[in-house]
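This report describes selected side-chain surroundings and aromatic arrangements. Please consult the sequence and the structure shown here while reading.

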Amino acid sequence: MTPWAFIQQVLILNIFIKSALLIMGELQYSIPEEMTRGTFVGNVAKDLGLDNQRLKTRRARIYTEGETEYIELNVNKGILVIKDRIDREQLCETISPCSLNFQIVLENPMQFHRISVEIIDINDNDPTFPENSMHLEISESSPPGALFSLPSAVDSDVGVNTLQLYSITPNDHFKLRTKEHNTGRNSVDLVLEKHLDREKQEKHILMLTAVDGGEPQRSSTIEIEITVLDANDNAPIFSKEVYKIAVLENCLIGSVLIKVNATDADKGINGQIKYFFTHISNNAKDLYKLNEETGEIRVTAQIDYEKNKMYEMTVQAKDIGGLVGSCKVIIEVTDVNDNVPFINLMSISNQISEDSLPGTVIAIINVQDKDSGRNGQVICFIDNNIPFKLKSSLNNFYSLETDGILDREKTPQYNITIVATDQGEPSLSATYAILLAVSDVNDNPPRFEQQRYTTYIMENNSPGSSFFSLRAKDDDSGVNSKITYFVQETRINNQSASSFVSVNLDEGVIYAVRSYDYEQLSHFQILVTAKDGGSPSLSASVIVDVYIQDQNDNPPEVLYPVQSKSHPITELIPRSADVGYLVTKVVAVDKDSSNNAWLSYKIIKSTDQTLFKVGIHDGELRTLRQITEKDFSKYKLTILIEDNGQPPYTVSVNVNVAVIDNFAQAFSEFNDLAQRNNDDGDMQFYLILSLVIVSFVFLILILVVICLKIHKWRRCKLFNEGSNGILPVIPYYPPRYAEVGATGTLCHVYNYEVCLKTDSGDSELTNRKPIVQNVVDVKSSGTETNTHKGNLDSTVEEDIIQVSC
């Protein structure tokens, strides 16, 4: 086969495929109205010669021109079923036959099949009268054969199910007469058979019954109350039995359509006539008004041909004596071109690849016009200067196809305007603009604005709150520029990064998954990746440094004095203490950092405000003056410790101070204080006190041994100097009590002196517990080396405890 013959066969095959794109088909079904949801209508797959799988693969669906879909397609079974309740009277009113018309659309190739479903009427509506009762006034002089118009019943059903006959209560004076008009409706009149005698019977009550022809039959009744009047024996007579008029639907409001005329042979007051409607539909009441004096019928609202094409009403003329005459008025509405064509896109593609071949279907369009005749005939077209064309298929259906080669680099998008024009005079038109984008290939990776990001977040944040946002750009278009963000799986403190942060897939907003604690973690890094939506996709990553900022969320913690309700610590000072004597040091720390950890001290409560002061920054409790004999021997102070955060945290500590002259007094003061804190005096107190005394004596013995071994060369000198009496136990604080290089205000080093009397029988040894349980060894360089827990033992270095004998 030559290349030229091969090209010819390809072109012929392409033309054949295009011609098979839209295939016309039509199926008809019939179902009764008021069937339940899911009722079987027809096997459309079998009737079209298709199997169920082809219905699925070709995306079969129903297209209806109306707003309500009463029937749906079950593509799994290939059948049509009822989707919503169908009321034939609501759908078609009195039109018969009543049909639902829609199309089944198939793709690949595109096919349309017109489906017509006839809705069969069932007898589900009773005949109804406009009112439950009516009143007639008939003169007793009315001759036999006189007619009196009665209200007609309305039955929404059609055919045999509609209204068939009227009946009236058997009586001696009246019978019924029905008359069928050209419109297909019957009017009913009451015929007087026998003269009335008001003196014998002034009122007559009759029941008028309307019966339809359905199975079973339905009926309704109206009560007719007849009042017999005197002396008026001529009823009004209209010039016509039926008045018929045609009116344009754009008739001006207030225009006079017709004037009915009735005459009365009576004279004087009995000849005066008034006109009124006796049988008129509800929608006609809002459109027309009858002048009761002149018989003119005027338009009171805008008439719409598309809503109702004809109106029928009954006009009665009634004289003063109560005699009436009636006529029919039929108003036919003439259509005018007042509806703009409507363009409905059944299927549309908003973008197309630049390598699409000519003939590619972009959209399926349906054009409608509610007008009738030439006013409803519509033609559709587009601009010829673009590589697209409209191809007509079924009635009022068009397909928008490509008509040339597309080039995105020259034209990235097209604005296609579809114009629909009807054939009315003057013609009306509508436009619909389609913005069609030409898609590109994915050749550009996402790009962040910075190579590295730094962000800060305050600790104790709410989980789920956002604290940073980053954006990446992609020069591609469409789905290729759609960027999603995610956090790379890295480790932070041996935990997954996803347990710390998360990122919004679309916006790049970073959220905190947990509440951060500066004291546990102050900085971490995450790797955020931006990935586009192309195929294959491209990505880029960036490092984000997250710094956690400290917040004042920890109150100060008191390390000394240790607060114990059962064993309060009492600080002892000699009565001979000088001004500025260091009584004790309040030691507190704050887990926060920077300004939040700066602590200040102040006395908020004291037995004597003039005797003590506390260092605002170091917490040292010192004397303000000399202690006199008049001063108390016991003092209780409350010291407030406050950090520098916002808002600040505070804590208070109670300090008991005892002024002593000797050890015996100090021991007595201690017992008094213990006795005051434990008034019950049970055996537990004495057991604890005994344990304390034994431990105290044991500790003194250890200290004595240490003193003897370490300070032999000072023993005699110290014993000689101390032979005159008992020296007071004075706490000694060396100049290096403050911690070097530590954070906060915690001090770890405290020194004490132990003094003994030369007379071993009367010697008193005072040993005070360390201020903190953790004793820190500080070398001469001022650096922290070892930490000893518990009471002091024989390994304590000379810089920790100094003993004087």
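S116 counts as buried because its relative accessibility is 12%; buried means under 20% relative accessible area, exposed over 50%, and partly exposed in between, with a 1.4 Å probe and protein chains only. S116 belongs to strand β7 (residues 111-120); strands (E, at least two residues) and helices (H or I, at least four residues) are DSSP runs numbered from the N terminus. With its neighbours within four places in sequence left aside, S116 is in contact (heavy atoms within 4.5 Å) with L27, Q28, Y29, S99, L100 and N101.

The model is predicted, so local features need pLDDT of at least 70 and side-chain atom pairs count only at pLDDT 80 or more, while totals for chains, interfaces and linings use all residues. Residues are numbered from 1 along each chain as its sequence is written, and side-chain values use heavy atoms, with hydrogens and water left out.

**Aromatic rings**

A search of the whole structure finds 13 aromatic pairs. Rings of Phe, Tyr and Trp (its six-membered ring) pair if their centres lie within 6.5 Å; planes under 30 degrees apart count as stacked, over 60 as edge-to-face and the rest as tilted. Two of the pairs are listed below.

| Pair | Centre distance | Plane angle | Class |
|---|---|---|---|
| Y288 and Y311 | 5.4 Å | 75° | edge-to-face |
| F632 and Y635 | 6.0 Å | 75° | edge-to-face |

Y288 lies in strand β20 (residues 288-290) and Y311 in strand β22 (residues 310-319), so their pair ties together parts that are 23 residues apart in sequence. Y288 is buried at 3% relative accessibility, and Y311 is buried at 5%. In the other listed pair, F632 is partly exposed, with a relative accessible area of 49%, whereas Y635 is buried at 3%. One aromatic cluster is formed by Y63, F112 and F397.

**Charges over rings**

A charge sits over a ring if NZ of Lys or CZ of Arg is within 6 Å of the ring centre and within 35 degrees of the ring normal. K309 lies over the face of Y305, 5.1 Å from the ring centre. The charged end of R514 is placed over the ring of F500, at 4.1 Å from its centre.

**Helix α7**

I693 is located in helix α7 (residues 683-710) and counts as partly exposed because its relative accessibility is 34%.
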